[in-house]
Amino acid sequence: MTLKAAPDLLFLLGPSGEWIASNPMTRTHVAASASVLEGIRRTADGHGPDFVEALKGFDEVWVEDRTFFGCRDCTVADATGLELSPRPEARVTGAEAVATALQERFILIDDEAAYRKRFALKTRLLDPEHLGNFHQQMGFELLMRQHKDPEQWWVAQKFEEGLKTVRDNAYRKVQEEFLKRDVPKWALAGKKVLDVGCGAGYYSHLFASFGAEVLGLDQNPEHVSTARNAFRAEGLRFEVFDLSDLESLKRLGGGPFDLIYLSDVLLFYFIPYQPPSTLKGGSHTGRPPVSAASFLGTLKTLLAKGGRVRVLEPHGSFSLCLRYGDPSRPLAVLNEYRRKWFGITPNLQTAAQAFREAGFAVVDIREPVYEGPVRDREDAFLAEYPIWWLFELVPMA
Amino acid sequence: MTPPDVRPWLVAWFERKGQVAGSTLEEKIQTDYFAAGLIDSLGVVSLIADVEGAFSIRFSDRHYQERRFSTIGGLAEIVSELVAVKPA
């Protein structure tokens, strides 16, 4: 078997002066001795010596796996999956073992066509042929490694116990801080708000605290139950609702609404469709079987005269992009934009097209970033690159 | 080589979830339990927990990447291999 370098590699200098071979497409990384890098170079085109042969004569031959699932603790964490700290327990030595480790982390490959076929959706939870998109990898991480129910985990990674505060991660530093600054300007007192995909109801409650009458809808009964238990306020209520049932949505009572708000919801209408059987267990591998434009078009019929829609969604470029660089000079690496296989957000053109097809004009686009003191690498990245964007929409005349 | 007790244990586990096609053990262990709809994603978690508990083993990512993991017989082979290398 002839091994050669994967066509997508980056070579970095790690913080301890070690070499790191990084495949940004597969989000896999290894630290390696200089001899291993030389071996990779000699076999780069597949026509040189066999990799194991190429390492003959070198004394120090080792690699250390530096890969982890970057979002294992939070969906909006650094998705690069590069562990910068040394992991001596993950070190293997010797040419044969190193070759195996490099193959497992897609630094070396033996079949380029098979390698390229891996960049596709998984057809089921355990599908060794395909790497799968973010939600599929997230589902794998939670189910297979952490043995957790993804639905319960989703709430726990975003909110502290009892839903009194947002966890001190990007959800708080960027999303919540932005909304706390911006919502007071929305003049919600006495207005009717529909919070579509309200989850555990945290932001529905925020809107109600500004005097709005708020109806929060979510298709997950557990989230609605959690919201009802956690948040009670005058004019605030929550209902379970199938957000793919557009006919029922058209007949939704309680409107018309002055504001329809969606946060981290619309992306699900853009994700490539997978059969419902693959969705069991909350692994979120596919979108509802309706388009974003038809979903938004239905919401438009629920708006009051002068009403508007605000859509706060993961950013089409920087959400889930790879993060490299020094804390003082964060570096974003985009490994996909138009044809996404890992990311789950539409790019700007695709989003704008859905808004236009639904009959909306975009009157504002905001790109919130972290505005607090920069203490670490994550802060630096969040202060430079927006990982959400907010669209403000009004019906076209 | 698969010890004889792993395969019937697994077949019995799956038969508690639904009908496993085949009339003999040899036929039943050919079943791809995902394709047969015997378990969903959360079901896999139960399967892993039950198997790891029953045979005092631990699966790794490497095992989940194996094609064998999707069939009862393949899973039985993996379990048997892990049992064989288990410290006494």
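Author: Helix α9 of chain A spans residues 221-230, and its buried residues are His223(A), Val224(A), Thr226(A) and Ala227(A). Buried means that 20 or more other C-beta atoms lie within 10 Å of the residue's own; 12 or fewer makes a residue exposed, anything in between partly exposed, and the C-beta atoms are placed from the backbone. Helices are DSSP runs of H or I with at least four residues, strands are runs of E with at least two, and both are numbered from the N terminus.

What do the buried residues of α9(A) pack against? Two helices are partners: α6 (150-158) and α8 (202-209) of chain A. Two strands are partners as well: β9 (213-218) and β10 (236-240) of chain A. Contact here means that the C-beta atoms of two residues, placed from the backbone, lie within 7 Å.

A word on the source. This is a predicted model: local features need pLDDT of at least 70, side-chain atom pairs count only at pLDDT 80 or more, and totals for chains, interfaces and linings use all residues. Residues are numbered from 1 along each chain as its sequence is written, while chains are lettered from A and ligands numbered from 1 in the order in which they are written.

Now step back to the chain. Chain A holds 13 helices and 16 strands. Its radius of gyration is 23 Å, close to the 21 Å that the globule rule gives for 397 residues, so chain A is as compact as a globular protein of that length. The radius is taken over C-alpha atoms, and the rule is 2.2 Å times the number of residues to the power 0.38. Buried residues make up 43% of the 397.

Chain A is divided into domain 1 (4-115) and domain 2 (158-395). These bounds come from an automatic or database domain assignment. Their contact takes 9 residues from domain 1 and 11 residues from domain 2. The domain 1 side has 7 nonpolar residues, 1 polar and 1 charged. Nonpolar covers Ala, Val, Leu, Ile, Met, Phe, Trp, Tyr, Cys and Pro; charged covers Asp, Glu, Lys and Arg; the others, Gly among them, are polar. The C-alpha centres of the two domains lie 37 Å apart.
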